[in-house]
Amino acid sequence: MADDGQGRLRTEGGRAGGAVVAAGEMLLSVGLLALALLAAYRLYLRWGARNGPGGAARQGEAAALPRMKRRDFSLEQLREFDGARNPRILLAVNGKVFDVTKGSKFYGPEGPYGIFAGRDASRGLATFCLDKDALRDEYDDLSDLNAVQMESVREWEMQFKEKYDYVGRLLKPGEEPSEYTDEEDTKDHTKQE
């Protein structure tokens, strides 16, 4: 190596040194491309498989479902709407039942919140817990939750009201379902849209 007179180093056979730099840049570019392809493949495996042929068919089937008529649900009746036994997906928050079928990517059997499908999700949402332990098999009055957790449940309820159709109430044990008229049902559905 020698000084080129302007303070820069010059290699003997300048072309060979340039070829080494170009080869290094090409190797770096190939490596970055390989990492990008690997990341895209992993995303495909994670999300594409869910929405593959079976997932797309399930979403198409869910979109074709008519709007659900207003009714109230016991816990046992709610469990039928878990997205596996029935294409419609319902969940309850703070005593209100919502049709979350259009969010099947999230609440369906393969979704990250699929544990809440067909269940009362209030306790899990209040405590930010996605474990089966956060769900109760009997009616949960939420009386042991603190003020912050109850406020969280109310905020979740408001978010569900804005995004999904309200289809009825979650019944307490021994409580009788309400009788909803078609007019009441239609009026409330048009109000939400």
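Is Asp144 buried or exposed? Asp144 is exposed, with a relative accessible area of 51%, where exposed stands for over 50%, buried for under 20% and partly exposed for the range in between (1.4 Å probe, protein chains only). The model is predicted, so that local features need pLDDT of at least 70 and side-chain atom pairs count only at pLDDT 80 or more, while totals for chains, interfaces and linings use all residues. Residues are numbered from 1 along each chain as its sequence is written, and side-chain values use heavy atoms, with hydrogens and water left out.

**Sheet**

- An open sheet is formed by 3 strands in the order S3-S4-S5, with antiparallel pairing; strands, like helices, are DSSP runs numbered from the N terminus (E, at least two residues, for strands; H or I, at least four residues, for helices), and two strands pair if DSSP finds at least two bridges between them.
- The edge strands, each pairing on one side only, are S3 and strand S5 (165-169), and neighbouring strands of this sheet are turned by 35° against each other on average, direction ignored; the axes behind such angles are lines fitted to C-alpha atoms, for helices over the stretch in contact, and angles run from 0 to 180 degrees between N-to-C directions.
- S3 and S4 pair in the antiparallel sense over 4 bridges, and Val93 stands opposite Lys96 in S4.
- The hairpin of S3 and S4 has 2 residues between the strands, and Asn94 takes a positive phi near 55° there.
- Strand S4 (residues 96-99) is joined to S5 by 4 bridges, the two running antiparallel, and the bridge partner of Phe98 in S5 is Tyr166.
- In a regular strand the side chains alternate between the two faces of the sheet. In S3, Leu90 and Ala92 point one way and Leu91 and Val93 the other way, and all are buried.

**Nonpolar cores**

- The largest nonpolar core has 19 residues, and those with the most contacts inside it are Leu91, Val93, Phe98, Val100, Tyr107 and Phe160; such a core is a set of buried Ala, Val, Leu, Ile, Met, Phe, Trp, Tyr and Cys residues joined through side-chain atoms within 4.5 Å.
- Strand S3 (90-93), H5 and helix H6 (147-163) each supply at least two residues of this core, and H6 gives the most to it, with 3 residues.
- Leaving aside its neighbours within four places in sequence, Val100 is in contact (heavy atoms within 4.5 Å) with Ile89, Leu91, Tyr107, Phe160 and Tyr164.
- A second, separate core of 10 residues includes Leu75, Leu78, Val167 and Leu170.

**Salt bridges**

- The structure holds 14 salt bridges, each being a side-chain nitrogen of Lys or Arg within 4 Å of a carboxyl oxygen of Asp or Glu.
- The side chains of Arg85 and Asp82 meet in one of them at 3.2 Å, N to O; Arg85 is exposed, with a relative accessible area of 60%, whereas Asp82 is buried at 16%.
- Glu151 and Arg154 form another salt bridge through their side chains, at 3.5 Å, N to O, and both lie in helix H6, 3 residues apart, about one turn of the helix. Glu151 is partly exposed at 36% relative accessible area, and Arg154 counts as partly exposed at 38%.
- Salt bridges that share partners join Arg123, Arg136, Asp140 and Asp144 into one network. Within it, the side chains of Arg136 and Asp144 meet at 4.0 Å, N to O, and Arg136 is partly exposed, with a relative accessible area of 33%.

**Loop between H4 and H5**

- Arg119 is found in the loop between H4 and H5 and is buried, with a relative accessible area of 10%.
- The side chain of Arg119 reaches the backbone oxygen of Arg136 at 3.3 Å.
- Apart from neighbours within four places in sequence, the residues in contact with Arg119 include Leu78, Leu90, Leu91, Ala92 and Arg136.
- Tyr113 is found in the loop between helix H4 (104-107) and helix H5 (122-127), and Tyr113 is partly exposed, with a relative accessible area of 33%.
- Tyr113 and Leu130 are 17 residues apart in sequence and 7.2 Å apart in space, C-alpha to C-alpha; leaving aside neighbours within four places in sequence, Tyr113 is in contact with Phe106, Tyr107 and Leu130.

Key. A polar contact is a pair of N or O atoms within 3.5 Å; within protein, one must be able to donate a hydrogen and the other to accept it, and residues adjacent in sequence count only if both atoms are side-chain atoms.
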